[in-house]
Amino acid sequence: MEISENLIVRILEFLKEIESEFQKIQGLILTEDDLKCLLLSKLYGYLPAAQTIDNEVSASAIHSEVKFYDENGLLTLRPALCIVEARHISIFHSVEFKIQRSSFNREYKNLPRKSVEIGGNILVIELKFCRNKNGIRESDIVSYKDDISKIKKLQEIVHRRSSGNDKMFGVFAIFNKTNKGLGLIKSKIDREEPRIKTFYGTGLVDFTKKHRFPNNSDGYMTTRHAWC
């Protein structure tokens, strides 16, 4: 599996499938983590495990909450999901190395504290879920722009540290329980960023409708306790 524009197209198709499922089952997504799990379930079936740098060690291509190096070399940047080429993963040593002059053998650096290191081309995915019945607001737009800026920053770091040899692609997906605030998204989120594709999905939940007990419910309800 290679990180490419074709992979981005497939991810956008998966997101469209989730949107369709969400509109049919409007309680499908309750939290941002629900959205992440739904996308992960589709990606795991699509992206097979493959050989890593390490001998006889395979790895998945899709991972969650992986920390990336910032401009100061610190592990502070953490997108929701990332897709990597397994051949650029090591769980035993750094992917960076130097060549010994005497033997011309590779000498790998040690692992960082996260106990894994990844190089090569990468695709990062940021996911946002607006559960508010009033829809997306100006404050949400500020948060979304911050996430897009984080992707841009990661892209700049990858380009600079690899001298332009490696590329980072980005997908930024917003799911809205209602469809309120779509105008803000269209006017204030740039959907033509270079190497960043933006997706908007809605559950089309309508809070103006009155919802009563189903016609087939039995008995009388007195008190109800909520657990979460």
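Which residue of strand 11 is the bridge partner of Cys82? In this predicted model, in which local features need pLDDT of at least 70, side-chain atom pairs count only at pLDDT 80 or more, and totals for chains, interfaces and linings use all residues, that partner is Val124. Residues are numbered from 1 along each chain as its sequence is written, and side-chain values use heavy atoms, with hydrogens and water left out.

Strand 6 (residues 81-84) and strand 11 (residues 122-130) run antiparallel and are joined by four bridges; strands are DSSP runs of E of at least two residues, helices are runs of H or I of at least four, and both are numbered from the N terminus, while two strands pair if DSSP finds at least two bridges between them. Both strands belong to an open, mixed sheet of five strands in the order 3-6-11-12-13. Strand 3 (62-64) and strand 13 (196-202) stand at its edges with a single partner strand each, so one side of each is left without a neighbour in the sheet. Neighbouring strands are turned by 20 degrees against each other on average, direction ignored. Helix 3 (residues 138-161) packs on this sheet, touching strands 11, 12 (168-176) and 13, and its direction makes about 165 degrees with that of strand 12; axes are lines fitted to C-alpha atoms, for helices over the stretch in contact, and angles run from 0 to 180 degrees between N-to-C directions.

The axes of helix 1 (residues 5-24) and helix 2 (residues 32-46) come within 10 Å and cross at roughly 130 degrees. The residues of their contact (heavy atoms within 4.5 Å) include Phe14 and Ile18 of helix 1 and Leu39 and Tyr46 of helix 2.

Among the 14 salt bridges found in the whole structure, each a side-chain nitrogen of Lys or Arg within 4 Å of a carboxyl oxygen of Asp or Glu, one joins Lys36 and Asp33 (3.8 Å, N to O). These two residues are three apart in helix 2 and are therefore separated by about one helical turn.
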